[in-house]
Structure formats: C-alpha cells, structure tokens
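Trainee: Can we go through this model together? I would like to learn how to read its features.

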Amino acid sequence: MKGAGMKLVYIASPLRGENPSGKDYKKNIEQAAKYCENACSLGVLAFAPHLYFTQFYNDTIPEQREKGLEMGLAMLEKCEELWVMGTHISQGMRGEIAHAKSLGIPIYNVEMPDDIMYYPVSADNHALLGQHSCMPDSRDKDYMGKILVMNYEALKPEYRSRPYQLWLATGGFGCSPTARGRRVFATSLYDGEQSSFYRQDFTGIIKPEVWEEVQSQYDFQITTQEVHKDSETPQEGMEP
C-alpha cells in the first residue's frame, strides 16, 4: 500500500503573533500549511497541530488554547521527529521542544523553512544525526581526535545520510572552541576522504552509543581502532 510506513513528523511553528486574531494568526496558519506541504513532498507524513486543532478550538480562549496544546503534545508522542521551523521560538514551541527532549524524540532546527533544501530528510531509511546524537555541551569541547557529527545542511541532499555525517577531527585551529581560527581538518569515517570545514559545520561530538549503533548499520572504511590510532598522529593544520 502506497504511503505505508511513512515517517510521522511533527511540525512546530508559531501560531499567535502580536495580533492573535488578525493577520499574524492567518499568516502563521498559511505558513504551517506550506511547511507541511513541503515536508510531505519529500515523502514524510507531516503534522502541524494548529492546522488541525484550530478547526474546533479557539486559540484566543485560554481554556481552549490549553486543551489544544495538551492534545498537540499527546500527538507529538506518536511522532518520530520534531522539526522546529524558523528561528522565532514561541511559548508553545518551547513546550513542544521540551516535551520532545524528555521523550528522546530527535529534534531538527530548520532555520530556513521556506527553502525545501534545508529540510532534514535522509537519503536512506535511517534518520539523520543531529544535536540529539551528540554528547551534552560538546560544542564547547576540543574536537581534536574526536568523531564529529556534521550538520546535515552542510551536505548536498544526495549525501544526507548518517555515514556521510561522521568525520574524525585530525587538526586545525578550529578544533579548539576558543581559538580565533575556525578551520577543522577532518577525515570521513565512511570513505576516507580528507577535507577541511568550519567548526560551525559540525553539530558536536557523537555519543559513544550512537557511534556503535551507526557502525552496525553501515560499513565504514575507518574502524574504531583506526580512529584511536589516527587521533594520535599529528596532521597538517594542527596547533603545535
């Protein structure tokens, strides 16, 4: 049956603006509909709570708004991913993000939701790696010798899959979170390609348990043992 097994994705975007009952409200509803249309065109089943619950709940009535938020969170529990659309995070969105974190649901920040190129759709059947795949506060750690998760937005759509997101940091001033230089030299664990990126191209240092999981899903050219060995070898661009 066509559509069976489609990934259910929760679309989080603002509903109320400065004028909840006026043009801001209407514009936000229209934007949410467009985001869902874009997401569905990529093969996922998108759900935006304020496209559904506003059909019978009035968001300007506190009791009905709270009921809608409650039911939205219940629906979020059934979703596989949370996509946070745009850079403005409303009060309702903050609640959705916190609930997803408490449940371990992967969260992806789509900062430019009007451009379908930035949607976090994997090139295969495995969800993309993200902040949820990284060690807490690892963005503030030294990257040297660590396995890093590349932000999916830094990859072309055809390369947006877990193996292409994993890189071993081998040098560069950007490995240090406090250095002025931002370049990080790295080697792809999947195919051995060597390249350089900016520190901000990486989401952080991968969690050990996630690395083990991904190794069971793909054949990597560089193994865990080689990662340990290579991390002890100075590379071009390293700080003395």
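Mentor: Start with helix H3, residues 62-76. At 1.5 Å a residue, its 15 residues should span 21 Å, and the end C-alpha atoms are 21 Å apart, which agrees. Keep in mind that this is a predicted model.

Trainee: Which residues of H3 are buried?

Mentor: Arg65, Gly68, Gly72 and Leu76. Seen down the axis of H3, the buried residues fall within an arc of 80°, so they line one face of the helix.

Trainee: What covers the buried residues of H3?

Mentor: The cover includes strands E1 (8-12) and E3 (81-85), along with helices H2 (49-52) and H4 (91-103).

Trainee: Let me try H4. What span should its 13 residues have?

Mentor: At 1.5 Å a residue, they should span 18 Å. The end C-alpha atoms of H4 are 19 Å apart, which agrees.

Trainee: Which residues of H4 are buried?

Mentor: Gly92, Met93, Glu96, Ile97, His99 and Ala100. They cover an arc of only 165° around the axis, which puts them on the same side of H4. The face turned away from that side carries exposed Gln91, Lys101 and Ser102.

Trainee: What do the buried residues of H4 pack against?

Mentor: E1, H2, H3, E3 and E4. Look just past the helix too: Gly104 takes a positive phi of about 75° there.

Trainee: Is Asp137 buried or exposed?

Mentor: Exposed, because its relative accessibility is 57% and the cut-off is over 50%.

Compare Asp59, in the loop between H2 and H3. Asp59 counts as buried because its relative accessibility is 9%, and the cut-off there is under 20%.

Trainee: Which residues does Asp59 touch, leaving out those up to four places away in sequence?

Mentor: Leu15, Arg16, Tyr25 and Arg65. Arg65 is also one of the buried residues of H3. As for Leu15, it is 44 residues from Asp59 along the chain, yet their C-alpha atoms are separated by 8.8 Å.

Trainee: How do I read contacts across the whole chain?

Mentor: Ask how far apart in sequence the partners are. Among contacts between residues at least 6 apart, 64% join residues at least 24 apart. The chain has six helices and nine strands. Buried residues make up 41% of its 240 residues.

Trainee: And pockets? What is the volume of the largest pocket?

Mentor: About 550 Å³. Next, read its lining. The largest pocket is lined by 21 residues, and Ile107, Asn109, Gly130, Gln131 and His132 lie nearest its centre. The elements giving two or more residues to that lining are H4 and strand E4 (107-110).

Trainee: How many residues of each class are in the lining of the largest pocket?

Mentor: Nine are nonpolar, eight polar and four charged.

Definitions and conventions
Residues are numbered from 1 along each chain as its sequence is written. This is a predicted model: local features need pLDDT of at least 70, side-chain atom pairs count only at pLDDT 80 or more; totals for chains, interfaces and linings use all residues. Side-chain values use heavy atoms; hydrogens and water are left out. Helices (H or I, at least four residues) and strands (E, at least two) are DSSP runs, numbered from the N terminus. The expected span of a helix is 1.5 Å times one less than its number of residues. Buried means under 20% relative accessible area, exposed over 50%, partly exposed in between (1.4 Å probe, protein chains only). The arc is that of the directions from the helix axis to the C-beta atoms. Contact means heavy atoms within 4.5 Å. On a 1 Å grid over the protein atoms alone, a cavity is a set of points where a 1.4 Å probe fits but cannot get out, and a pocket is an open set with protein on both sides within 12 Å along at least five of seven lines; lining residues have an atom within 4 Å of a point. Grid points are joined across faces, edges and corners, and a volume is the space filled by probe spheres set on the points. Ala, Val, Leu, Ile, Met, Phe, Trp, Tyr, Cys and Pro count as nonpolar, Asp, Glu, Lys and Arg as charged, and the others, Gly among them, as polar.
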